[in-house]
Each structure stands twice: as structure tokens, then as C-alpha cells.
Amino acid sequence: MPPEPQRLQLATPDGATLAAELFLPDGAGPHPGVLVLHESFGLNDDIRRLAARFAAAGYAALAPDLYSHGSRIVCLSRVLVDMLRGSVGREVDDILVAREALAARPEVDPERIAVAGFCQGGGFALIAGARGGFSAAAVNYGMVPAQRSELDGICPVVASYGARDRVAGRNMAERLERHLAALGVPRDIKTYERAGHSFFSQVDGWQGWLARVPTPMAVGYDEEAAEDGWRRMLAFFAEHVR
């Protein structure tokens, strides 16, 4: 289990609240920051593990709960519908609220903030990275917009995909490469031949069972891809964030 985080309630412009959990590195700072955006499973212990690992690497890591607005199943359904429609305004607005909250912390350098997302969070990280305020974005098996214009203004991107994932795998990696090359954006994009979707995730219970069910996405943890992807994220952040 990761260290106990600080649990926060962040006010949103429409009067709602956004739950989030903050993991701080040792020392007074100011530290670089990173938003950690969860998969469709939500803000669970696996995302806490990844956020804590960022903190151990020297980043103030804030993990917002993008399912804060109602029950998990209602929020998940709304997020999925938004993604299918190509409209993720509420989710990106929440991410930007979380970014401002992280930047306002006395332990954090507001000029050095990244965003790292996994699965649906990877897609959100990509879109949020084009809205300004981020030094770099880590996109892990996230969906990529078909229209290049949606990425105008994108920050530098490090991205990882699994070749065995037939939904958000090599096809998304190649689309992202085309978009970022045309935009002239610094990038590190890699496809792992033996990995499928969610290869960073280590989950138990019903989520772990679901990850073992054969699907076109070939969901499942892959240690080699995860550890290489982690090294690449930290190296890219060291160049563009720290």
C-alpha cells in the first residue's frame, strides 16, 4: 500500500466539489508537480501506488477523482458518453481545477507541472496538455483525437502503447506520432510489442478478474513494458519539467 495521502476537496467553478488525493515527496520544496489521471477503474489503490511512486521520484503528485460528481457508475457512464461524443469539457475543466490547486500549494513550483494519464486518463492528459499550464504530458495507452487541430498548443509528450491492444495500441501511437510531428512538438512515443492495454496496472478483486478476461485490448500488467515506460516518463520529465 502507498503512504497515506492528504485527501482534499477542491471547489469547481459551478459550485461542485472535486475529490483529490495529494502525495508529497520528502523535503520542503518547491517541488515539481504532476497530476495523475486514473483509468476507467477510478481512483483506486493502483493509481495511488503510481502517484506515490511519482512522489518518491521527487514530484508532488495530485490524483483527482474524475468520478466525484455522483455515483461511480453514473460518472463512468457520463465520462464514456462524453468520450464517444468527442466532448470531454467537464473532465478537462476538472483537470484544470486540479492543476490550479496543485500550483497553489506552497510545496509546489507552479511553473513546473506535468500531467500523466492512464487509459481514459491518458486521453484526458493529451487534451489537457493542449490547454496550457503543463510542461509535459505522459500519455499511457490513451485515445488520440482524429483531428490534429485539437492538439494545437500541446506541450511535449511522452507516450506508451501496447502492440497487442487492438483498440488503443499501435494505431493510436502512429496517429499521435503523425500529429505531433506535423506540429513540431518534442515527443517520445513507443509501442511495446509484447504488451497490451493497461500494462502499468496491478489490480486485484473484480478489477483484476476483468483484466484477465480475453478482449481485443489484451488488458494486463507487463513488468518489462511498465518499468521501461516508467524510466522513459521520468527521463522525459527530467528534461522538460525539472
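I started with strand E7, and 6 of its 6 residues are buried, so I noted the strand as mostly covered (buried means under 20% relative accessible area, exposed over 50%, partly exposed in between, with a 1.4 Å probe and protein chains only). Before going on I wrote down that this is a predicted model, where local features need pLDDT of at least 70, side-chain atom pairs count only at pLDDT 80 or more, and totals for chains, interfaces and linings use all residues. Residues are numbered from 1 along each chain as its sequence is written, and side-chain values use heavy atoms, with hydrogens and water left out.

**Entry 1: the whole chain**

I counted 7 helices and 8 strands in the protein chain. Both come from DSSP runs, numbered from the N terminus: helices are H or I with at least four residues, strands are E with at least two. Of the 242 residues in the chain, 55% are buried.

**Entry 2**

In what order do the 8 strands lie in the open sheet? I read E1-E2-E4-E3-E5-E6-E7-E8, with mixed pairing. Two strands pair if DSSP finds at least two bridges between them. Strand E1 (6-11) and strand E8 (187-192) stand at the edges with a single partner strand each, so one side of each has no neighbour in the sheet. From one strand to the next the twist averages 20°. For angles, axes are lines fitted to C-alpha atoms, for helices over the stretch in contact, and the values run from 0 to 180 degrees between N-to-C directions.

Further along, strand E3 (residues 31-37) and strand E5 (residues 108-118) run parallel and are joined by 6 bridges. Leu37 has Gly117 as its bridge partner in E5.

**Entry 3: back to E7**

E7 runs parallel to E6, with 4 bridges between them, and I found Ala137 opposite Val157 in E7. On to E8: E7 and E8 pair in the parallel sense over 6 bridges, and Val158 stands opposite Asp188 in E8. E7, helix H5 (residues 170-183) and E8 make a right-handed β-α-β unit. Right-handed here means that, with the strands pointing away from the viewer, the path from the first strand over the helix to the second runs clockwise.

Which E7 side chains point which way? Val157, Ala159 and Tyr161 go one way, Val158, Ser160 and Gly162 the other, and all are buried.

I took one residue from each set. Val157 has a relative accessible area of 0%. Leaving aside neighbours within four places in sequence, Val157 is in contact with residues including Leu126, Ala137, Leu176, Leu180, Val185 and Phe236. Val157 and Val185 are 28 residues apart in sequence, yet 7.6 Å apart in space, C-alpha to C-alpha. Ser160 counts as buried because its relative accessibility is 1%. With neighbours within four places left out, the contacts of Ser160 include Asn140, Tyr141, Lys190, Tyr192 and Arg232.

**Entry 4: helices against the sheet**

Helix H4 (residues 120-129) lies across E3, E5, strand E6 (136-140) and strand E7 (157-162), running at about 140° to E5. H4 is mostly covered too, with 10 of its 10 residues buried; among them are Gly121, Phe124, Leu126 and Ile127. Helix H1 (residues 45-56) lies across E1, strand E2 (17-23), E3, strand E4 (60-64) and E5, at about 50° to E2.

On H5 I checked Glu177. Is Glu177 buried or partly exposed? At 31% relative accessibility, Glu177 counts as partly exposed. Not counting residues up to four places away in sequence, Glu177 touches Arg187 and Ile189. Glu177 and Asp188 are 11 residues apart in sequence and 8.9 Å apart C-alpha to C-alpha.

**Entry 5: cysteines**

Last, I looked for disulfides (a pair of cysteine sulfur atoms within 2.5 Å) and the count is 0. Cys119 is buried, at 16% relative accessible area, and Cys155 is buried, at 5%.

Conventions. Contact = heavy atoms within 4.5 Å.
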